[in-house]
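Dear colleague,

I am handing over the structure below, together with notes on what was found in it. Please look through the sequence and the coordinates before reading on.

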Amino acid sequence: MRIGELSERTGTSRRLLRYYEEQGLIAAARGANGYREFDERFVDRVLQIRGLLDAGLPTRIIKQILPCLDKPRTIYFRDATPEMIATLRHERDRMTERIRFLTHNRDAIGEYLDAVLDYDRGGAPADGGGAGGRGADGEGGGAASPATTAPTTPTAPAAPAGE
């Protein structure tokens, strides 16, 4: 497929795909006309790269761990410098903490949504109290109940123990 199709299928700009190619994260064959031709497997590869970049990994680390994401996995032990191992541990721990926060927030939003939907169906508020209900005009009718208060998010993850 050409770069335009890869761009459309992954939601990644052509410019960014060329950057990934320049960084050695993806590789294109060249057609007789000079156009880039990407293999089908690069759709998943680009999505993996985007996910790793969104998680905060730099491209130099992504380049080293991409072979580990393939099936079958290919791991190059000679690339595993002490700096890389420390970086990977740090990034893994940071991602684990981020997942914990995201899971907490997802669950809080789910509880809030359930309470709102129960209320909209005419059910009693989740906390059993009447405060915080909507008036006839849809506006808030008083103090919000605990079940309908927006969740709070910790501002910074705690440092991982033992690192």
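A residue is called buried here when its relative accessible area is under 20%, and exposed when that value is over 50%, with partly exposed lying in between. By that cut-off Glu21 is buried, because its relative accessible area is 19%. Please keep in mind throughout that this is a predicted model.

On confidence, the protein averages a pLDDT of 78, and 70% of the residues score at least 70. Over residues 128–163, however, the pLDDT is below 50, although this stretch has 37 contacts in the model beyond near neighbours in sequence. Where pLDDT is low, the predicted coordinates should not be read in detail.

For Ile62, leaving aside residues up to four places away in sequence, the contacts are with Leu25, Ile49, Leu52, Leu53 and Leu57.

Ser7 is worth a look as well: this residue is found in helix α1, which covers residues 3–10, and it counts as buried because its relative accessibility is 14%. Once residues up to four places away in sequence are set aside, Ser7 touches Thr12, Ser13, Arg14 and Leu17.

Helix α5 runs over residues 82–120, and its 39 residues, at 1.5 Å a residue, should span 57 Å; the end C-alpha atoms are 56 Å apart, so the model agrees with that expectation. Just after α5, Gly122 takes a positive phi of about 90°.

The charged side chains come next. Side chains of opposite charge can pair when their charged atoms come close, and the structure holds 10 salt bridges. One of them is formed by Glu21 and Arg36, whose closest N and O atoms are 2.5 Å apart. This pair links distant parts of the chain, since Glu21 is in helix α2 and Arg36 is in strand β2 (residues 36–37), 15 residues apart.

A salt bridge is also found between the side chains of Asp39 and Arg41, at 3.6 Å from N to O. Asp39 counts as partly exposed because its relative accessibility is 42%, whereas Arg41 is exposed, with a relative accessible area of 52%.

Within helix α5, the side chains of Glu97 and Arg100 meet in a salt bridge at 2.6 Å from N to O, and these two residues lie three residues apart, about one turn of the helix. Glu97 is buried, with a relative accessible area of 15%, whereas Arg100, at 47% relative accessibility, counts as partly exposed. Elsewhere, salt bridges that share partners join Glu5, Arg9 and Glu40 into one network.

Note on methods
Residues numbered from 1 in each chain as written. Predicted model: local features only at pLDDT ≥ 70, side-chain atom pairs only at ≥ 80, totals over all residues. Heavy atoms only, no water. Helix = DSSP H or I, 4+ residues; strand = E, 2+ residues; numbered from the N terminus. Expected span 1.5 Å × (residues − 1). Buried < 20%, exposed > 50% of the residue type's maximum accessible area, 1.4 Å probe, protein only. Contact = heavy atoms within 4.5 Å. pLDDT = per-residue confidence, 0-100. Salt bridge = Lys/Arg side-chain N within 4 Å of Asp/Glu carboxyl O.
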